[in-house]
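Please look at the sequence and the structure before we go through them together.

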Amino acid sequence: LINLQEQITRIEKEIAKTQKDYDIYDRKLQNEKFVNSAPAEVVAETKQKANEFKEKLVSLQESLTNFQ
């Protein structure tokens, strides 16, 4: 059996890490200088990464809600 509190703690840590990762990409996208001067491919990759982290956050938060 999986200890429920351990599982909740693991998910909370994963949420914190994913939020930090998301924030890095989000800050880049909010920086006009980056968006205007970086190659379109780099901006697109950054948007894709931000979206991936955002989706992961939603999924983790749903998992956490299910455990609580």
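Leaving aside neighbours within four places in sequence, which residues is F53 in contact with? They are T18, D21, Y22 and Y25, where contact means heavy atoms within 4.5 Å.

Let me state the basis of these values. This is a predicted model, in which local features need pLDDT of at least 70 and side-chain atom pairs count only at pLDDT 80 or more, while totals for chains, interfaces and linings use all residues. Residues are numbered from 1 along each chain as its sequence is written, and side-chain values use heavy atoms, with hydrogens and water left out.

I turn to the overall architecture. The chain contains 3 helices and 0 strands, arranged along the sequence as α-α-α. Here helices (H or I, at least four residues) and strands (E, at least two) are DSSP runs, numbered from the N terminus. The C-alpha trace spans about 50 × 15 × 15 Å along its principal axes. The radius of gyration of the chain is 15 Å, whereas a compact globule of 68 residues would have one near 11 Å; the radius is taken over C-alpha atoms, and the globule rule is 2.2 Å times the number of residues to the power 0.38. Among contacts between residues at least 6 apart in sequence, 70% join residues at least 24 apart.

Next, the surface. The chain exposes about 5,300 Å², and carbon and sulfur atoms supply 50% of that area; accessible areas come from the Shrake-Rupley method with a 1.4 Å probe. Of the 68 residues, 24% count as buried. Buried means under 20% relative accessible area, exposed means over 50%, and partly exposed lies in between (1.4 Å probe, protein chains only).

What makes up the largest nonpolar core? Its 9 residues are I8, I11, I15, Y22, A50, F53, L57, L60 and L64. Helices α1 (4–30) and α3 (40–67) are the elements that give two or more residues to this core, and α3 gives the most, with 5 residues. Such a core is a set of buried Ala, Val, Leu, Ile, Met, Phe, Trp, Tyr and Cys residues joined through side-chain atoms within 4.5 Å.

Three further residues deserve attention. Not counting residues up to four places away in sequence, F34 touches K28, L29, V42, V43 and T46. The C-alpha atoms of F34 and T9, 25 residues apart along the chain, are separated by 36 Å.

L29 lies in helix α1 and is partly exposed, because its relative accessible area is 22%. With residues up to four places away in sequence again not counted, L29 touches F34, V35, V43, T46, K47 and A50. L29 and A44 are 15 residues apart in sequence, and their C-alpha atoms are 9.8 Å apart in space.

Finally, V58 is placed in helix α3 and counts as partly exposed, because its relative accessibility is 40%. V58 and N36 are 22 residues apart in sequence and 29 Å apart in space, C-alpha to C-alpha.
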